[in-house]
Amino acid sequence: MAFDWLTDFFRKSDKPVDYAERTLAAYRMGMNAQGAIRGVRVDVGEDCCDAARALPAGAVYHPDSAPRLPLPGCPHGGRCRCAYRPVMDFELPQ
Ligand SMILES: [Zn+2]
């Protein structure tokens, strides 16, 4: 695919220091704007750390209370592959 290099670039590049703040702020706006976003979950990277694996599986957080990525105990730091994913309305039981 034409954009593989781009995905690869993002995967290998460091997270900006304000990754958590910026991403969570965007999801918070999505929730406030009557969007279908109900919360955020942490998508744990394949080869990521014990700290990430210790998170409750499938937990849905409000952006205000979501754990900050990279997690404090993550040895990968800015290269942590963990990422936030929006949880959409239709994904949750009504
Ligand atoms: Zn991590």
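In what order do the elements of the chain run from the N terminus on? I went through them and got α-α-β-α-β. I kept in mind that this is a predicted model.

**Entry: the overall count.** Then I checked burial: of the 94 residues, 20% are buried. I also looked up contacts with a separation of 6 or more, and 60% of them join residues 24 or more positions apart.

**Entry: the core.** Next I went looking for the largest nonpolar core, and I found that it has 13 residues. L24, V40, V42, L69, C82 and Y84 have the most contacts inside it. Which elements each supply at least two of its residues? I noted α2 (19-32), β1 (37-43) and β2.

**Entry: V40.** I picked V40 out of that core list and asked what it touches, leaving aside its neighbours within four places in sequence. My list reads L24, Y27, Y61, P63, A66, Y84, R85, P86 and V87. Two of these names, L24 and Y84, I had already written down for the core.

**Entry: R68.** Last stop was R68, which I found in the loop between α3 (50-53) and β2 (83-88).

Conventions: Residues numbered from 1 in each chain as written. Predicted model: local features only at pLDDT ≥ 70, side-chain atom pairs only at ≥ 80, totals over all residues. Helix = DSSP H or I, 4+ residues; strand = E, 2+ residues; numbered from the N terminus. Core = buried A, V, L, I, M, F, W, Y, C linked by C-beta atoms within 7 Å. Buried ≥ 20, exposed ≤ 12 C-beta atoms within 10 Å, placed from the backbone. Contact = placed C-beta atoms within 7 Å.
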